[in-house]
Amino acid sequence: MDALTVHRLHFAFTVTFHYLFPQLTMGLALLILVLKTMALRTGNEHYNHAARFWTKIFAVNFAMGVVTGIPMEFQFGTNWARFSKAAGGVIGQTLAMEGVFSFFLESSFLGVFLFGEKRLGPKAHWFAAFLVFLGSWLSGFFIIATDAWMQHPTGYSLGPNGEILLRSFWGLLLNPWIFWQYLHNMIGSVVTASFVMASIGAFYLLTHRQEEFGRTFVRLGVIAGTIAACLMIFPTGDGQGKNLAYMQPTTLAAMEGLFETADGAPLAILGQPDMEQRKLDNPLEVPRALSFLTYQRWGARVQGLNAFPRDRWPDNIPLLYYSYHIMVGLGTIFVGAMALAAFTLWRGTLYTQRPLLWMLMLMLPFPYIATTAGWVTAEMGRQPWLIYGIMRTPAGVSPHVSSGNAIFTLLGFMGLYTILAMLGLLLVYREIEEGPAHNAAQ
Amino acid sequence: METLWFTLVATMIALYVVLDGFDLGAGVIHLFVARNEAERRTVLASIGPVWDGNEVWLIAGGGTLYFAFPALYSSSFSGFYLPLMMVLWLLILRGIAIEFRNHLQSLVWQPLWDTVFAAASGLLAIFFGAALGNVVRGVPLDRSGEFFLPLWTNFAAGKESGILDWYTLLVAVAALFALTAHGALWVALKTEGEVHYRARAAALRVWWGVAASVVIITLASFHIQPHLKESFAERPWGYVFPLLALVGLIGMRLLDGRRQGLEAFLCSCLFLLAMLVSVAFGLYPYVLPSNGDPAFSLTIANSAAAPYGLRVGLYWFIPGILLAATYFVYTYRSFKGKVIL
């Protein structure tokens, strides 16, 4: 393997593993805040028990997110030195702001939230939960702002030696790419958290344990999950797609598997991109739908890949196409499944509908898959650029870190993360086995 | 403006060393001063609510370094590739050890994580010391301000040396001594009974190691990096920093003997801070000297970001860091006094 491939795999592996944890904790921070709010408003201790149970699961995942997050910041320097040297003056701003504004907030108040319930009293404890939520959602903002700049650079100018200079601070923070991507990503984390909550609730109901909590978890999980799953498609996913049409039209064509420019372009539901013959094999298409979704006109022209020079195509179009279709396919199924569950919840029969509870329980891994596929879509779609339109990916790598050294550390991370994953699953399973009824105030 | 950001970044890193230093040091002595489950819990509880926040100074300091001196960040992080990756693995293992230890009760679970915690803490102190040694000694920078160092070659502290040579190993040992004493003073401050007495005894014993190694590395540093001598000769007022370090070092010993735990710990803080400031003062305006052609050295001028970014950074950095300091005062205040399990 050449060094570039190893460095790309290195970042892809570590960031994919890392994001398994924040996508749960950011959404869960919101749901815990909802439980704490219900406890405060109803005075019912049941909701505090429920919040304490989820706080334990939150703590394990948060610790995993923190320790796997530190390597992300380091790798900009270790593996992508040329990129960092050129762009550090710009994206270093948002990364440093994340450290200063959200990590200090989170790390200080997570301890207060975890250990201070008795000492603080209900209102101050609610406020600590709010600050943890705020810190994690701020952190998400700064990371999305960083990624948005790589997807659609704004607020910069080029120096005489090709260095990238920050020209407008607000241009960086108010990048038009941020808005939909931030909402799409954060609501995605609510999808993950609410599916996990509904899944564990359904598990309790199906095994006839902790049933009072099982009902609370299913109810909150299904209500939050239904709202979030709908918002993922419209307006956030839709808005993100329209951004692509204007800012990364090549990526849009590649994601959709559209080779020929067409008036009234069809939307491919299934099919396999054939890169050699530049066509989609075995297509199952909705006529004219892509034009309508992109430009709100059935006959609008959508540019296909052939309209762009080959050296500007994303370098792995099949992977991009499949990950996009997996994300959208799962997202659509989520809306259907959650709408069904929400309907029976409204009818008052969900808690006894065993097939639906089975469905909710087994849904647990799929939001993780959809989120991962979504991020693969975003980052593979940015290729062949590291900074869209400014720096190609091979130009950003650390020139002196050989592939042998990078394979050594990649294997190290793979081994270490395998152990971490097993330990994390073990501890979360133990908390689920023990259940919420054990959790007296600490 | 570059000098201001150099001062800010150096301060953040020095604060990181002082703050995370005591919980690293507590890790080093963990297995020796705490011998049963209750004692181990006591040591861990003495750092429990703060170690995570202390580590944020590394992340925030790294982020600030990234945006203010991108050329330095990219050159040093890629050049010290292997040891930095190992630092990451150690930080991961150490964090997991602290967080996961109390989730299960078993005769094999706690001893395992206590050992991981202690070993990772000690190794991190050694790695950070070696890193400092490398920055003082200089690295083989090329024309474009880049380099790559293997872990070791011939240990000669010359142009062909790797990251570990006799000089950087000396600094690593000194760092291990200094952080161990620092951590022992912290544990002594926060605990009572057996753990307290053992930690104090450890601090007194390790102090001799700190004193001896500090004399040796000071002499060795002036030998290895001639620029240090020039800096102090040019601006003699800088001698105040090594002098303060000496005051801290002596204070650690005297005050600890008189059972003034807090004062002794603060003297250790002063010692570490003043040592680091002495190094930063001695290297200035270099941030990463070349041990080959001096023209290739990275200085604050040739590695800083553009002026606009540095100026606009001040507008958010100052309120942001004041806010962070407020959280710190709040956390440490709500956690003052001896640990109660």
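Reply: Start with a term. Two strands pair if DSSP finds at least two bridges between them. Keep that in mind for the predicted model above.

Me: Which residue stands opposite Gln272(A) in strand 5 of chain A?

Reply: Asp281(A) stands opposite Gln272(A). Another bridge joins Leu267(A) to its partner in strand 5 of chain A, Val286(A).

Me: In what sense do strand 4 and strand 5 of chain A pair, and over how many bridges?

Reply: The pairing is antiparallel, over six bridges. Strand 4 covers residues 267–274 of chain A, and strand 5 covers residues 279–286. Here is a general idea for reading side chains. In a regular strand they alternate between the two faces of the sheet.

Me: How many residues lie between strand 4 and strand 5 of chain A?

Reply: Four residues lie between them, and the two strands form a hairpin. Look at Arg278(A) in the turn: its phi is positive, about 50°.

Me: Which peptide bond of chain A is cis, with omega near 5°?

Reply: The bond from Gln383(A) to Pro384(A) is cis. Find Pro384(A) in the loop between helix 14 (365–382) and strand 7 (385–387) of chain A. Chain B has a case too. There, a cis peptide bond joins Tyr284(B) and Pro285(B), with omega about 5°. Pro285(B) lies in the loop between helix 11 (261–283) and strand 1 (286–288) of chain B.

Me: Now helices. How do I describe two that pack together?

Reply: Two packed helices are described by the angle between their axes and the distance between the axes. Take helix 2 (residues 22–42) and helix 8 (residues 176–206) of chain A. Their axes come within 7 Å and cross at roughly 75°. Angles of 65 to 115 degrees count as roughly perpendicular. Helix 2 of chain A and helix 8 of chain A are therefore roughly perpendicular to each other.

Me: Which residues make the contact of helix 2 of chain A with helix 8 of chain A?

Reply: From helix 2, they include Leu24(A), Gly27(A) and Leu31(A). From helix 8, they include Met186(A), Ala193(A) and Met197(A). By class, this contact has 10 nonpolar, six polar and no charged residues.

Me: At what angle do helix 4 and helix 6 of chain A cross?

Reply: Roughly 165°, with the axes coming within 8 Å. Helix 4 covers residues 81–115 of chain A, and helix 6 covers residues 122–151. Angles over 145 degrees count as roughly antiparallel. That makes helix 4 of chain A roughly antiparallel to helix 6 of chain A. The crossing of helix 4 past helix 6 of chain A is left-handed. Their contact has 21 nonpolar, six polar and two charged residues.

Me: What about helix 4 of chain A and helix 13 of chain B: at what angle do they cross?

Reply: Roughly 10°, with the axes coming within 9 Å. Angles under 35 degrees count as roughly parallel. Helix 4 of chain A and helix 13 of chain B are therefore roughly parallel to each other. Among the residues in this contact are Phe101(A) and Phe104(A) of helix 4 of chain A, and Trp316(B) and Phe317(B) of helix 13 of chain B. The classes here are 10 nonpolar, eight polar and no charged.

Me: How many residues does each chain give to the contact between chain A and chain B?

Reply: Chain A gives 47 residues and chain B gives 48 residues. Several elements give two or more residues to the side of chain A, among them helix 3 (45–78) and helix 15 (403–434) of chain A. The largest share of that side, 21 residues, comes from helix 4 of chain A. By class, the side of chain A that touches chain B has 26 nonpolar, 16 polar and five charged residues.

Me: Last topic: whole chains. How many helices and strands does chain A have?

Reply: Chain A has 15 helices and eight strands. Its radius of gyration is 23 Å, close to the 22 Å that the globule rule gives for 442 residues, so chain A is as compact as a globular protein of that length. The C-alpha trace of chain A spans about 60 × 50 × 40 Å along its principal axes.

Me: And how many helices and strands are in chain B?

Reply: Chain B has 13 helices and two strands. With 341 residues, a compact globule would have a radius of gyration near 20 Å, and the 20 Å of chain B agrees. Along its principal axes, the C-alpha trace of chain B spans about 55 × 40 × 40 Å.

Note on methods: Residues are numbered from 1 along each chain as its sequence is written. Chains are lettered from A and ligands numbered from 1 in the order in which they are written. This is a predicted model: local features need pLDDT of at least 70, side-chain atom pairs count only at pLDDT 80 or more; totals for chains, interfaces and linings use all residues. Axes are lines fitted to C-alpha atoms, for helices over the stretch in contact, and angles run from 0 to 180 degrees between N-to-C directions. A crossing is left-handed if the near helix is turned anticlockwise from the far one by less than a right angle, and right-handed if clockwise. Ala, Val, Leu, Ile, Met, Phe, Trp, Tyr, Cys and Pro count as nonpolar, Asp, Glu, Lys and Arg as charged, and the others, Gly among them, as polar. Two residues are in contact if their C-beta atoms, placed from the backbone, lie within 7 Å. The radius of gyration is taken over C-alpha atoms; the globule rule is 2.2 Å times the number of residues to the power 0.38.
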